[in-house]
Amino acid sequence: MPKIVFISADGRERREVKAREGQSVLDVAHAHGIDMEGACEGSMACSTCHVIVAEADYHRLPVPSEEEEDLLDLVCDLTTTSRLGCQIVITEALDGLTVRLPRGTNNVLLD
Ligand code: FES
């Protein structure tokens, strides 16, 4: 069972949780009570599932789609390793993936 590590926005808290293959990072966060909104429930319309992937892990992810990149352009706290949690699908190859929560999110559905 792959493990995913969530780091709080201030970097002080670290939680390692078990994930199932096929879940998204958003699904895993919700299953473990991690504070990630996911207002559009994974339909790639809100950006409230923004996560900052650890630099060492970023290359393990498939490249983001154009739609994901367009939405990422609208997030606050954007970094070079930002991704949408609803678009990262867990596989065994992602065991140990570490993501940090951003300092804030903006729901572009509401803009
Ligand atoms: S949950 Fe809305 S874009 Fe990911």
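Of the 111 residues in this chain, 31% count as buried, buried meaning that 20 or more other C-beta atoms lie within 10 Å of the residue's own, with 12 or fewer called exposed, anything in between partly exposed, and C-beta atoms placed from the backbone. Before I go on, this is a predicted model: local features need pLDDT of at least 70, side-chain atom pairs count only at pLDDT 80 or more, and totals for chains, interfaces and linings use all residues. Residues are numbered from 1 along each chain as its sequence is written.

Next, the fold. There are three helices and five strands, in the order β-β-α-β-α-α-β-β along the sequence. Helices (H or I, at least four residues) and strands (E, at least two) are DSSP runs, numbered from the N terminus.

Contacts next: C-beta atoms, placed from the backbone, within 7 Å. Among contacts between residues at least 6 apart in sequence, 69% join residues at least 24 apart.

Now the core. The largest nonpolar core has 20 residues, and I4, V25, V51 and V99 have the most contacts inside it. Such a core is a set of buried Ala, Val, Leu, Ile, Met, Phe, Trp, Tyr and Cys residues joined through C-beta atoms within 7 Å. Strand 1 (3–7), helix 1 (25–31), strand 3 (50–53) and strand 5 (97–100) each supply at least two of its residues. Helix 1 gives the largest share, four residues.

Take I4: leaving out residues up to four places away in sequence, I4 touches V17, A19, V25, V28, I90 and L97.

How values were computed:
Two residues are in contact if their C-beta atoms, placed from the backbone, lie within 7 Å.
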